[in-house]
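Hi everyone, thanks for making time for this. I'd like to walk you through a structure, so let me put it up on the screen.

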Amino acid sequence: MSERVTPAAGGRNGALRIMGPESRGMVTLRADLADETIAAALGDVLPLGVPGRREGRHDGAKGALWMSPDELLLLCERDGAGALVARIGEALDGLHHLVADMSDARAVFTLEGEEYREVLAKLGPADMSPRGLAHGEVRRTRLGQIPAALWLRGDTRAEVICFRSVAGYLHDLLWQAAAPGGRVGYFQRADGPPA
Amino acid sequence: MLILTCPACGIAADETELHPGGEAHVARAGPHASEEAFSDYLFSRENPRGVHFERWRHAMGCGKWFHAARCTVTLEIFGTYRADCTAPPEALLERIRAARPGWSWRDFK
């Protein structure tokens, strides 16, 4: 089998530390999340439960991210994805669903630094103000020319998930937007976004 | 720039996150329709100056299709609603009646 190819690891640029792209265990589950039978059947397999609209839950390497009314993105250890797919398949046997190991299809970047909102706001249409996008929320949007999911983990940490095939593009995009001298400071300004 | 609120994920999505899907509520003619009716289904579209109903897809977001009602002149958005319906919800029609007295779009007034 061919090896996974990912672009070179990032580092610090200006006030932002860009780490990745990292290949994480990812499982896509598609099923009617509003269906209580599905949630009940998933019970023990998903210790984090089924997250609400645009919610991201995590516990160590485990994560459950709401992607759409019928799609969840489950995070796990890189080599645990296959087993998770099998466990979900067993739990939902007989119920209408689709579950697949998508680890090789996606890449994750981690941004560390207080200015991640500034940097991400330069790259897409998402409202990056603290009021527009709260901690713990998952926002699927566009960064430059590609789709990406933003997951805010705290005041100084955000994760960006994109397709692995465009990880090199996203890395360059983030790197350039974070370059020293390009600081906008909109979210710190007195006439910045409404509180 | 259009900003439509996706009813599936609740995001106020800007136009660059969306993909247009053309006119809303187009019903397929057939299976035993006349050639004229089928040609209308394929090619005839509304081109209103005013209230219009369209399909959009939140392509760079949750990926879901939805419907939107907007004014083609002022770009005012009257509302968005779910994809799986054959007619706009009555509450939305009421809102448009209040904002644009005397409007009509196909059979809707």
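Let's start in a loop: B:His25 sits between strand 3 and helix 1 of chain B. Please keep in mind as we go that this is a predicted model. What is the phi of B:His25, given that this residue is not a glycine? It is positive, at about 55°.

The peptide bond between B:Gly30 and B:Pro31 is cis, with omega at about 10°. Chain A has a cis bond too, from A:Gly20 to A:Pro21, and there omega is near 5°. A:Pro21 is placed in strand 2 of chain A.

That brings us to the sheet in chain A. Six strands make up an open sheet, and reading across it the order is 1-2-8-11-10-9, with antiparallel pairing. Which strands are at the edges? They are strand 1 (12-13) and strand 9 of chain A, each of which pairs on one side only. Strand 1 runs antiparallel to strand 2 (residues 16-22) of chain A, and two bridges join them. If you'd like a pair to click on, A:Asn13 has A:Leu16 of strand 2 as its bridge partner.

Now zoom out to the whole of chain A. Chain A is split into domain 1, covering 12-22 + 105-178, and domain 2, covering 25-104. Taken over C-alpha atoms, the centres of these two domains of chain A are 23 Å apart. Where they meet, 12 residues of domain 1 and 17 residues of domain 2 take part in the contact.

How much area is buried between domain 1 and domain 2 of chain A? It comes to about 1300 Å², with carbon and sulfur atoms giving 55% of that. On the domain 1 side, A:Arg106, A:Val138 and A:Trp151 are the ones to highlight: they supply 45% of the area that domain 1 buries against domain 2, more than any other three residues.

One salt bridge is counted between domain 1 and domain 2 of chain A. A:Glu137 and A:Arg54 form a salt bridge, and their closest N and O atoms are 2.8 Å apart. On the domain 1 side, the elements that give two or more residues are strand 8 (106-112), strand 9 and strand 10 of chain A. Strand 10 gives the most, with three residues. By class, that side of domain 1 has six nonpolar, one polar and five charged residues.

Next, the interface between the two chains. Here 17 residues of chain A are in contact with 13 residues of chain B. The two chains bury about 1100 Å² between them, and 53% of it is on carbon and sulfur atoms. How many salt bridges are there between chain A and chain B? The count is two. In a salt bridge between B:Glu17 and A:Arg139, the closest N and O atoms lie 3.1 Å apart.

Polar contacts across the chain A and chain B interface come to nine residue pairs, again with both residues at pLDDT 80 or more. Which elements give two or more residues to the side of chain A that touches chain B? Strand 5 (62-68), strand 9 (138-143) and strand 10 (146-154) of chain A do. Strand 9 gives the most, with four residues. As for the make-up of that side of chain A, there are seven nonpolar, three polar and seven charged residues.

B:Lys64 lies in the loop between strand 4 (51-57) and strand 5 (65-71) of chain B. Its side chain makes a polar contact of 2.9 Å with the side chain of A:Asp70. If we leave aside neighbours within four places in sequence, B:Lys64 is in contact with A:Arg30, A:Ser68, A:Pro69 and A:Asp70, among others. Its contacts within chain B include B:Ala8, B:Trp56, B:Arg57 and B:His58.

That's my tour, and I'm happy to go back to any part of it.

Terms used. Residues are numbered from 1 along each chain as its sequence is written. Chains are lettered from A and ligands numbered from 1 in the order in which they are written. This is a predicted model: local features need pLDDT of at least 70, side-chain atom pairs count only at pLDDT 80 or more; totals for chains, interfaces and linings use all residues. Side-chain values use heavy atoms; hydrogens and water are left out. Contact means heavy atoms within 4.5 Å. Buried area is the accessible area (1.4 Å probe) that two parts lose on being put together, summed over both. A salt bridge is a side-chain nitrogen of Lys or Arg within 4 Å of a carboxyl oxygen of Asp or Glu. A polar contact is a pair of N or O atoms within 3.5 Å; within protein, one must be able to donate a hydrogen and the other to accept it, and residues adjacent in sequence count only if both atoms are side-chain atoms. Ala, Val, Leu, Ile, Met, Phe, Trp, Tyr, Cys and Pro count as nonpolar, Asp, Glu, Lys and Arg as charged, and the others, Gly among them, as polar. Domain bounds come from an automatic or database domain assignment. Two strands pair if DSSP finds at least two bridges between them.
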